[in-house]
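Please take a moment to look over the structure shown here, and then follow the paragraphs below through its parts.

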Amino acid sequence: MKVKYVRDVSKLEQIPPEAREVMEKVAERYVFRANDYYLGLIDWTDPNDPIRRLVVPDERELSDWGDLDASNEEAVTVAKGVQHKYPHTVLLLVNEICGAYCRYCFRKRLFIDGNDETTLDISDGLEYIRSDTQITNVLLTGGDPLIMSTGRLMTIIEKLREIDHVKIIRIGTKMPAFNPWRILDDEKLLEGLSTHSTPDKRIYVMAHFDHPRELTEAAIAGIDALIRAGVVVVNQCPMIRGINDDPEVLAEMFRTLAVIGAPQYYLFQGRPTAGNEPYEVPIVEGYHIFEDAKRRVSGLAKRARFAMSHETGKVEIVGVDDSYMYLRYHRAKNPRDEGRFMVFHRDDEAYWLNQLTPVENMGMGRLDPDQIPVGYEEFVEA
Ligand code: SF4
């Protein structure tokens, strides 16, 4: 099946004309794109429909809030379109287009005119990866790598497979949700994945479903086709206000994902990205929703971690009590932070690590000055 793309928000006839005018203003700043299949999942009689919230602009996106590059990806960019933050993993930003644009995207800066962070020419990236034998994982991202032609995608995968130390190739994609036929109707893609996802070197698809209603029959068939091609599929997504900030919605999604063989890997705390104020949930609230969702599902469905993808590393939110918040580096940019446990004063209004105040003499507060996590000097000295 061929989906039809919709790029002009004024064409959404289900929305009253006055509301569309406001949305056009929002879309001038943060671009709109969707397709007829995905728009068809929306219940237009419900102004708060979660699928609608996911792709249709919201006036509140224009509020002055957050940064365009909230995790400071610029600091780990080692060449055009190449990010290297953790020793074993490199990101290649292979394009700047997606099947639709999620309103809460943390990389929306890529879609703004004049941005040139991605590159079609990945030769510098390949050279970089070839020269560092520590790199065992390469994540193809963007944008969405499955928007590229199969020929181009396979050329990249073939080149990566020539580098012996690259064991795992990951493809970060929301196409199984936005357009499952991109997978189902492309035998060459499935054959190529099957060739390069081998018993000793797998390809992983990092899918991106945010709501159980995206797991349609076609989406599940798309995941099944990937699994049958020998690909390992997992899911990761942020917690988003009005979309999945509900324990039963999350639980239903986790359950279905486990049943179809694409278990949740990370649930991310939303990054404080410009335009994202209407979509963000404070950390403490998000933690309780996540824990409540986990109580409703079996072990296989609750393997995910709730974490912040912070500029200093992946910081897992491991606990909250009446007074404190307990955090731990699951991945750290600086190896000395790996596994570090931190205690902060509970702050129900905080959205991000930088807004938290550490507790003196507990966790991070006990560190010698030269042991303070990078970027946290000011907190510890205070
Ligand atoms: S699919 Fe990913 S990169 Fe594309 S708009 Fe959505 S969150 Fe952003």
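In this predicted model, isoleucine 51 counts as buried because it has 21 C-beta neighbours inside 10 Å, where 20 or more are needed for that class. This isoleucine 51 has its place in helix α3, which covers residues 50–55. Once its neighbours within four places in sequence are left aside, isoleucine 51 is in contact with Leu41, Ile42, His211 and Arg213. Isoleucine 243 is 192 residues away from isoleucine 51 along the chain, yet the C-alpha atoms of these two residues are separated by 7.2 Å.

From this helix we can turn to the sheet. It is an open sheet of 12 strands with mixed pairing, in the order β3-β4-β5-β6-β7-β8-β9-β10-β11-β12-β13-β14. Its edge strands, each pairing on one side only, are β3 (77–79) and β14 (341–345), and from one strand to the next the twist averages 30 degrees. Strand β13, residues 324–332, pairs with β14 in the antiparallel sense over 5 bridges, and methionine 325 has phenylalanine 344 in β14 as its bridge partner.

Two helices that pack on this sheet may be followed in turn. Helix α4 (residues 123–131) touches β3, β4, β5 and β6, and its direction makes about 105 degrees with that of β3. Helix α11 (residues 283–295) touches β10, β11, β12 and β13, and its direction makes about 70 degrees with that of β12.

Finally, there is the ligand, around which lie Cys98, Tyr101, Cys102, Cys105, Arg107, Gly143, Asp144, Lys174 and His208. Sorted by class, this shell has 4 nonpolar, 2 polar and 3 charged residues.

Key
Residues are numbered from 1 along each chain as its sequence is written. This is a predicted model: local features need pLDDT of at least 70, side-chain atom pairs count only at pLDDT 80 or more; totals for chains, interfaces and linings use all residues. A residue is near a molecule or strand if its C-beta atom, placed from the backbone, lies within 6 Å of it. Ala, Val, Leu, Ile, Met, Phe, Trp, Tyr, Cys and Pro count as nonpolar, Asp, Glu, Lys and Arg as charged, and the others, Gly among them, as polar. Two strands pair if DSSP finds at least two bridges between them. Helices (H or I, at least four residues) and strands (E, at least two) are DSSP runs, numbered from the N terminus. Axes are lines fitted to C-alpha atoms, for helices over the stretch in contact, and angles run from 0 to 180 degrees between N-to-C directions. Two residues are in contact if their C-beta atoms, placed from the backbone, lie within 7 Å. A residue is buried if 20 or more other C-beta atoms lie within 10 Å of its own, exposed if 12 or fewer, and partly exposed in between; C-beta atoms are placed from the backbone.
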